[in-house]
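Here is a friendly walk through one protein model, from its overall fold down to a few single residues. Please keep the viewer open as you read.

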Amino acid sequence: MARILITGGAGFIGSHTCVVLLEAGHELVVIDSFANSSYIALERVSEIAGLSSDDANYRLEIVKGDIRNNEVLEKIFTTAIEKGRRIEAVVHFAGLKSVKECLKDALEYWDVNVKGTCCLLSAMNAHNCRTLIFSSSATIYGIPKSLPISENDDIRPITPYGNTKATVEKMLLDISGMNIDWRIATLRYFNP
């Protein structure tokens, strides 16, 4: 099975994804700053997935860190290689997510969501890890012209949060368009 890096893995969607991936037999490295999540969520992931303490240390590695920190990302990728278990893919949930809060501190949202993703992509590229699932948002559509919203509807975000997600999507499109080695999927879900 694959060794997968989960950014923001202690959050609601991230922790549920960790359970499913562990139950499927994958090994996970989870990086989370715990700014808007809790370590307890990952303890529950381990319990729900039925990991013994030995399994948990091997199959669910937890790193407290920020994806904007290049040294932390470098250490994650190089440590995996040193252990003979290279990271093969990344599921990227890390980021700030409150539409209300982004109106108060747009600069922080741009820094975490866009700069953080740039740092992550650079680390991935440096270590030949070019498979990514990106957690975007339906907020990129803004106010829809009609319902239900189609994946092909216009992208017209109206908040800094939506703008950051749309910007990352554009960046990912540029990257995958320039290099066929990248495999990228983007998920635009609504609030779970």
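## Model and fold

Helices (H or I, at least four residues) and strands (E, at least two) are taken from DSSP runs and numbered from the N terminus. Read that way, the chain goes β-α-β-α-α-β-α-β-α-α-β-α-β from its N terminus on, a total of seven helices and six strands.

Two notes on the source: this is a predicted model, where local features need pLDDT of at least 70 and side-chain atom pairs count only at pLDDT 80 or more, while totals for chains, interfaces and linings use all residues. Residues are numbered from 1 along each chain as its sequence is written, and side-chain values use heavy atoms, with hydrogens and water left out.

## Overall dimensions and surface

How does the radius of gyration fit a compact globule? For 192 residues such a globule would be near 16 Å, and the protein, at 17 Å, agrees; the radius is taken over C-alpha atoms, and the rule is 2.2 Å times the number of residues to the power 0.38. The C-alpha trace spans about 50 × 35 × 30 Å along the principal axes.

Of the 192 residues, 46% are buried (under 20% relative accessible area, with exposed over 50% and partly exposed in between; 1.4 Å probe, protein chains only). Contact means heavy atoms within 4.5 Å. Among contacts with a separation of 6 or more, 72% join residues 24 or more positions apart.

## Helix α1

Helix α1 (residues 12–23) has twelve residues and reaches 17 Å between its first and last C-alpha, close to the expected 16 Å. That expectation is 1.5 Å times one less than the number of residues. Its buried residues are G14, S15, C18, V19, L21 and L22. They pack against β1, β2 (27–32), α2 (39–48), α3 (53–59) and β3 (60–64).

Just after α1, G25 has a positive phi of about 100°.

## Helix α6 and what follows

Helix α6 (residues 106–126) has 21 residues and should span 30 Å; its end C-alpha atoms lie 29 Å apart, which agrees. The buried residues of α6 include Y109, V112, C119, L120 and M124. Their cover includes β1 (3–7), α4 (70–82), β4 (89–92), α5 (99–102), β5 (131–135) and α7 (160–178).

After α6 comes N128, with a positive phi near 55°, a positive value in a residue other than glycine. N128 sits in the loop between α6 and β5. One of the residues that N128 meets is R86, whose contacts beyond four places in sequence are R3, A80, I81, H127, N128 and C129. R86 itself belongs to the loop between α4 and β4 and is partly exposed, at 40% relative accessibility.

## Loop residues to look at

Leaving out residues up to four places away in sequence, S136 touches Y161, K165, E169, T186, L187, R188 and Y189.

P148 also lies in the loop between β5 and α7, and a cis peptide bond with omega of about -5° joins L147 to P148. In the loop between β2 and α2, F34 has a positive phi near 60° although F34 is a residue other than glycine. F34 is buried, with a relative accessible area of 19%.
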